Amino acid sequence: LPLLKPNEARTEVIGKLSEQLSKFSPRIAEEWMNRLKGEEKRLAELKSLEAVAKFDAQLALEKVGKFVKADTSLSSPDLKSCLSAITKELAEQAPEVGLQFILKLEPSTTRRSLLDRFYDTWVRDDLVAACLHTNPLPIGSQRDLIVPYIVRSLAEEHPIKAFKWAQTMTLSKRPRILKVALTPLVMRDRNAAENLVKQATKLNRQETHNLVLWVRTSKDHFPVLLK
């Protein structure tokens, strides 16, 4: 890289080169990164860890720790990108490890987005394990984060289960997710959806009234709810 002066183009090349070298040979990548200095070395190491995570997410997690300690607010875009890649892979390779790591981070918008991506990946990859993990959680913020993903995964083929899961969220957080759970059934059989609402034991009277009214009258909101 001697011909490239320090600028955005050089930074981009360093990032891509370290990532590709790490896929080919982690040892060679490490030797090359040791020749870099300062912010360039930091960037190269973070991009390298994104590649390492694909085959050993727990190793990547161990090595990213020093960067997290240096930036506990997770404000760096490069660190955010690296953590996003690692947590996605952890959701597939070692979900319990990944979840413990994210929950130990200081509260921030980045932590929230990492949780969102983690849960989305985990539910898609292993719905049963995600449900088993979530089932004993008390009603609260952590449960409210994962249940929407479970509901979306179940709603099409198992609307009754999806609706039951939606009812386990915090009262203020669940109105939209209750509709997400019901939407596929409403599209197929509006009467069945209305009966399901009326038979629910965990809804209060106002929720039941609002949902029955929605089931009877809604027409054009389904595509938005299912996204």
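**View 1. R216 and its salt bridge to E194 in the predicted model.** In this predicted model, R216 counts as exposed, with a relative accessibility of 51%. Its salt-bridge partner is E194, and the closest N and O atoms of the two side chains are 2.7 Å apart. Because R216 belongs to helix 13 and E194 to helix 12 (residues 190-199), the pair ties together parts that are 22 residues apart in sequence. In contrast to the exposed R216, E194 is buried, with a relative accessible area of 11%. Salt bridges with shared partners join E194, R216 and K198 into one network.

**View 2. A salt bridge between R174 and E207.** The side chains of these two residues, R174 and E207, meet with an N to O distance of 2.6 Å. Are the two partners buried or exposed? R174 is buried, its relative accessible area being 6%, and E207 is also buried, with a value of 10%.

**View 3. K202 and the residues around it.** K202 sits in the loop between helix 12 and helix 13, where it is exposed, with a relative accessible area of 52%. K164 lies 38 residues from K202 in sequence, and the two C-alpha atoms are 8.6 Å apart in space.

**View 4. A salt bridge inside helix 3.** The model holds ten salt bridges, and one of them joins R42 to E39, with 3.0 Å between the closest N and O atoms. Both residues belong to helix 3 (residues 38-53), where they are three residues apart, or about one turn of the helix. In an α-helix there are 3.6 residues a turn, so residues three or four places apart point the same way.

**View 5. The aromatic cluster of F118, Y119 and W122.** These three residues, F118, Y119 and W122, form one aromatic cluster, and the count of aromatic pairs in the model comes to two. The rings of F118 and Y119 make an edge-to-face pair, with 5.8 Å centre to centre and 65° between the planes. For F118 and W122 the ring centres are 5.6 Å apart and the planes stand at 55°, so this pair is tilted. F118 and W122 are separated by about one helical turn, being four residues apart in helix 7 (residues 109-125). Both F118 and Y119 are buried, the relative accessible area of F118 being 0%, and W122 likewise counts as buried at 1% relative accessibility.

**View 6. Y119 and the nonpolar cores.** The largest nonpolar core has 59 residues, and among them V64, Y119, V151, F163 and L182 touch the most other members. Which residues does Y119 touch, not counting those up to four places away in sequence? They are L99, Q142, L145, I146 and Y149. A second, separate core consists of six residues, including L21, W32, M33 and A44. In soluble globular proteins, nonpolar side chains tend to be buried together.

**View 7. The two faces of helix 8.** The buried residues of helix 8 (residues 127-134) are A130, C131, H133 and T134. They lie on the same side of helix 8, because they cover an arc of only 160° around its axis. On the face turned away from this buried side, helix 8 carries the exposed residues V128 and L132. The buried residues of helix 8 pack against helix 6 (95-104), helix 7, helix 9 (141-154) and helix 10.

**View 8. L74 and its backbone angle.** L74 is found in the loop between helix 4 (57-70) and helix 5 (77-93), and it is buried, with a relative accessible area of 1%. Although L74 is not a glycine, it has a positive phi of about 55°. Most residues other than glycine have a negative phi.

Conventions:
Residues are numbered from 1 along each chain as its sequence is written. This is a predicted model: local features need pLDDT of at least 70, side-chain atom pairs count only at pLDDT 80 or more; totals for chains, interfaces and linings use all residues. Side-chain values use heavy atoms; hydrogens and water are left out. Rings of Phe, Tyr and Trp (its six-membered ring) pair if their centres lie within 6.5 Å; planes under 30 degrees apart count as stacked, over 60 as edge-to-face and the rest as tilted. Buried means under 20% relative accessible area, exposed over 50%, partly exposed in between (1.4 Å probe, protein chains only). A salt bridge is a side-chain nitrogen of Lys or Arg within 4 Å of a carboxyl oxygen of Asp or Glu. The arc is that of the directions from the helix axis to the C-beta atoms. Contact means heavy atoms within 4.5 Å. A nonpolar core is a set of buried Ala, Val, Leu, Ile, Met, Phe, Trp, Tyr and Cys residues joined through side-chain atoms within 4.5 Å.
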